[in-house]
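Thank you for making time this morning.

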Amino acid sequence: MAGSCVGESDGLTFWVAEQKDYDDVMSISVNIYGGNDYLPHRYAGWMTEPDRVVILGRRDRQIGQCVALESGLIVDEGCTVVVEGLRVCPSERGRGVARVIQRFADQYIQQLYPSVRTKRLTKVDDPSAGPTQALSKFTELGRRAALSFIGEADSFEGFVSHLRNKLHSTTGSEPGGSVPQMVLIEDEQHLKNILLDPELPSRVQLPGGAIIQDWQPLQPIEGNLEILARRNLTWLADKPERPSFLSFYTPPYPIPYKGGSLRFNIDMFGTDLVSAKRALAGHLEKVRERREVKGRVMVHVYLNKSLWEGVREFCEGYTGVRRWREYREQLFLERGM
């Protein structure tokens with residue numbers, strides 16, 4: 001086994017992940033997130049992403065069976081680590097392996113980045129399941145609702161038309177008339193001005209004061225803008241200056257669901273229902289225009305809890321697209337290192 005061991009604890013050895021470890025990582029990731037796992041697509045990018053640390057836990061130095069992974073991305077100008085990708089192989093679950101690799105990763109990251117003082121993460125929560133004891137050391141900073149639906153790419157042409165017709169009804173515009181479009185924010189300086197406006201967090205009600213991009217919480221500060229820029233996001237706002245509703249989508253990417261699907265994530269910030277509907281239709285139109293989807297498409301929309309029911313109703317009534325899973329929430333959590 002090439003590479004060097006960076007530590008050991010409780011019967012595990014720890015290694016900085018490399019591209020050659022891809023198959024090992026996939027072997028412990030079967031059925032992760034119900035087939036919605038992002039890591040098969042992102043693993044290669046993680047290997048070269050600035051300020052990202054990916055740690056593997058192996059059982060037995062000689063055999064080197066991969067049993068766990070955790071990754072951390074240093075954000076907020078070096079003050080915060082965003083933890084992602086924690087997973088343990090099925091045969092090792094329930095044996096404390098997650099706790100061991102988390103403890104080692106925390107220590108290792110602080111050795112590399114002494115300025116890190118805060119650990120943040122997001123996780124899915126089913127409110128009906130009750131509190132999770134493992135999160136008792138974390139402070140909840142915010143939460144959003146998650147609305148998911150699924151359909152074939154060929155259905156999205158009709159689905160967008162269906163949503164546009166509903167928008168006409170919602171806004172009271174004449175049939176065939178125009179519905180006000182969301183503003184596409186493409187200019188980098190314009191976007192920077194919006195994101196660095198100190199009033200933005202309160203105006204669009206950023207959860208915990210952070211922009212959560214595809215489960216990554218980032219404070220709207222200049223040091224995080226480069227991270228957002230390399231995500232190739234498409235931004236929409238309700239107005240070009242001082243928006244009260246802001247949203248973006250992450251380009252669709254492949255996931256293992258049912259042998260191969262596309263995952264398409266939309267993040268929304270604001271509380272106006274009509275703006276949320278306009279943003280959803282606008283993002284789907286952009287994806288359709290750019291021919292970014294094919295085959296089966298899983299769409300996840302993350303939005304203020306007050307909007308979930310209204311957007312759910314907005315999406316219903318078109319047979320080619322159906323809701324996937326019941327109501328869920330995205331929790332934004334923090335604790336000191």
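Predicted model: local features only at pLDDT ≥ 70, side-chain atom pairs only at ≥ 80, totals over all residues.

Let me begin with the inside. The residues that line the largest cavity divide into seven nonpolar, no polar and one charged, where Ala, Val, Leu, Ile, Met, Phe, Trp, Tyr, Cys and Pro count as nonpolar, Asp, Glu, Lys and Arg as charged, and the others, Gly among them, as polar. Residues are numbered from 1 along each chain as its sequence is written, and side-chain values use heavy atoms, with hydrogens and water left out.

On a 1 Å grid over the protein atoms alone, a cavity is a set of points where a 1.4 Å probe fits but cannot get out, a pocket is an open set with protein on both sides within 12 Å along at least five of seven lines, and lining residues have an atom within 4 Å of a point. Grid points are joined across faces, edges and corners, and a volume is the space filled by probe spheres set on the points. The search of the whole structure finds one cavity of 30 Å³ or more, and the largest cavity holds about 40 Å³. Its lining consists of Phe156, Phe264, Leu284, Val287, Arg288, Val293, Val297 and Val299, and the largest share, three residues, comes from α8; helices (H or I, at least four residues) and strands (E, at least two) are DSSP runs, numbered from the N terminus.

Strands pair if DSSP finds at least two bridges between them. Strand β8 (residues 183-185) runs antiparallel to β11 and is joined to it by three bridges, with Leu184 opposite Leu236. On strand β12 (residues 246-255), which pairs with β11 in the antiparallel sense over four bridges, Phe248 stands opposite Trp235.

Turning to helix α6 (residues 200-203), where Leu200 is placed, we find that Leu200 is buried at 0% relative accessibility. Leaving out residues up to four places away in sequence, Leu200 touches Ile194, Leu195, Gln205, Pro243 and Leu246, contact being heavy atoms within 4.5 Å.

Finally, which residue forms a salt bridge with Asp125? The partner is Arg143, with the closest N and O atoms 3.4 Å apart, a salt bridge being a side-chain nitrogen of Lys or Arg within 4 Å of a carboxyl oxygen of Asp or Glu. Because Arg143 lies in strand β7 (residues 139-152) and Asp125 in strand β6, the pair ties together parts that are 18 residues apart in sequence. Arg143 is partly exposed at 26% relative accessibility, whereas Asp125 is buried at 11%. By this rule the count comes to 34 salt bridges.

Notes. Buried < 20%, exposed > 50% of the residue type's maximum accessible area, 1.4 Å probe, protein only.
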